[in-house]
Amino acid sequence: MSGAVIIGAGPGIGQAVARRFAREGYPIALVARGEETLRAAARAVERSGVPVLTLAADCADEDALRAVLDRAVAEHGLPDVVVYNAAIVQADAPGELPARGHLEAWAVNVVGALTAADHLAPAMAQRGSGSILLTGGMPEPKWQYTSLSLGKAGVRTLVRILDQRYGDAGVHAASVTVDGPVAPGTDFDPDDIAEHYWRLHGQPRQRWEHEVLHTARSAPSVLAGLLDAWQSAFDRHQPAEMASLFSPDALFQGISPSLRRGREEIAAYYADVPEGTTARVDVLGEARLSERLVSGFADVTFTGPTGEDRQVRLSIVAENREDAWLIRQYHAAPL
């Protein structure tokens, strides 16, 4: 293996990702502006026994960044994975930061990632493999962090552009969007976040994800809220209300084997359920696939008007559309 290049190897996510790949035996190239930052990162990685290269560069300096990437390639070969974790994190409301400040933030938050990708992705594509993973954040913009919000929106767009340009050639572009302050021992422990990068790098091509959202484990369950509303409408035998919880183009398969599409067909299905039938829902778990997609499972016990029970397992994908979560795909399987 040719190793991993970590750009923005400061304490927190950068060092955690470097440790994670080093644990798998990857040679590590660390890029940061400060020598002390690089020494601390090297100490954290060296205990894994892998080759470690430290490279000082300002990510906003295109020539300097390209030069250290050339050194990394000369030392370890074309990397298997490049992680861009550099960012300028600062509080600034609209109008507070001068244009020059916005340009400096954009240069680090977005353009540095573009420079790194431009420098290495063509060779990765020629080889037919490689991962370019960017650290995202601000899943929803915050006016108190205007420059960072703009930058993280740029990161999300850049991932899509890189996938369009290099995805067919085998280069996996993705971002890890972190929805909270990174700190050890919290829901945003950097070691937990680093697992996303390792998993993304190892994904088979047919299951590539392009964004992973890391949220607090205590965040409200999307599916629990949706299925609470679904259960309430079901128990009151309100087919139209139930159908409104689905996206307009939702795919639906209930107990019957026929596949239905869209709200009108879903409402017709629920209209055929005998009045007096109730449901009891137990959400088993959910996973954030991206900022706007959640999947999960739930067990439902349907009780008919005469008291007979029928248990099914639901597989559900929910999608956020215009700040509202809707069921995009629903499949019921008898237990």
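This is a predicted model: local features need pLDDT of at least 70, side-chain atom pairs count only at pLDDT 80 or more; totals for chains, interfaces and linings use all residues.
**Exercise 1. Which parts of the chain does the salt bridge between Arg 321 and Asp 249 tie together?**

Solution. 
Step 1. The side chains of Arg 321 and Asp 249 form a salt bridge with an N to O distance of 3.0 Å.
Step 2. Arg 321 is in strand β12 (residues 309–321) and Asp 249 is in strand β8 (residues 246–253), so the bridge ties together parts 72 residues apart in sequence.
Step 3. Arg 321 is partly exposed at a relative accessible area of 28%, and Asp 249 is partly exposed at 41% relative accessibility.

**Exercise 2. Locate the salt bridge between Arg 19 and Asp 191, and state how many salt bridges the whole structure has.**

Solution. 
Step 1. The search of the whole structure gives 16 salt bridges.
Step 2. One of them joins the side chains of Arg 19 and Asp 191, at 2.7 Å from N to O.
Step 3. Arg 19 sits in helix α1 (residues 13–23) and Asp 191 in helix α6 (residues 190–202), so this pair ties together parts that are 172 residues apart in sequence.
Step 4. Arg 19 is partly exposed at 26% relative accessibility; Asp 191 is partly exposed at 39%.
Step 5. A network of salt bridges links Arg 20, Arg 23, Glu 24 and Glu 195.

**Exercise 3. Are the rings of Trp 230 and Tyr 330 stacked, edge-to-face or tilted?**

Solution. 
Step 1. The structure holds 15 aromatic pairs.
Step 2. For Trp 230 and Tyr 330 the ring centres are 6.4 Å apart and the planes are at 40 degrees, so the pair is tilted. The cut-offs behind this step are under 30 degrees for stacked and over 60 for edge-to-face.
Step 3. Trp 230 is in helix α7 (residues 222–235) and Tyr 330 in strand β13 (residues 324–334), so the pair links distant parts of the chain, 100 residues apart.
Step 4. Trp 230 is buried at a relative accessible area of 0%, and Tyr 330 is buried at 4% relative accessibility.
Step 5. Both rings belong to one aromatic cluster, whose members also include Phe 234, Phe 246, Phe 252, Tyr 269, Tyr 270 and Phe 302.

**Exercise 4. Describe the open sheet of six strands and the helices packed on it.**

Solution. 
Step 1. The strand order is β9-β8-β13-β12-β11-β10, with mixed pairing.
Step 2. The edge strands are β9 (260–261) and β10 (278–290); each has a single partner strand, so one side of each lacks a neighbour in the sheet.
Step 3. Strand β11 (residues 293–303) runs antiparallel to β12, and 11 bridges join them. Ser 295 has Val 317 in β12 as its bridge partner.
Step 4. Helix α7 packs on the sheet and touches β8, β10, β11, β12 and β13, its direction making about 155 degrees with that of β10.
Step 5. Helix α9 (residues 262–271) also packs on the sheet, in contact with β8, β9 and β13, its direction making about 50 degrees with that of β8.

Methods
Residues are numbered from 1 along each chain as its sequence is written. Side-chain values use heavy atoms; hydrogens and water are left out. A salt bridge is a side-chain nitrogen of Lys or Arg within 4 Å of a carboxyl oxygen of Asp or Glu. Helices (H or I, at least four residues) and strands (E, at least two) are DSSP runs, numbered from the N terminus. Buried means under 20% relative accessible area, exposed over 50%, partly exposed in between (1.4 Å probe, protein chains only). Rings of Phe, Tyr and Trp (its six-membered ring) pair if their centres lie within 6.5 Å; planes under 30 degrees apart count as stacked, over 60 as edge-to-face and the rest as tilted. Two strands pair if DSSP finds at least two bridges between them. Contact means heavy atoms within 4.5 Å. Axes are lines fitted to C-alpha atoms, for helices over the stretch in contact, and angles run from 0 to 180 degrees between N-to-C directions.
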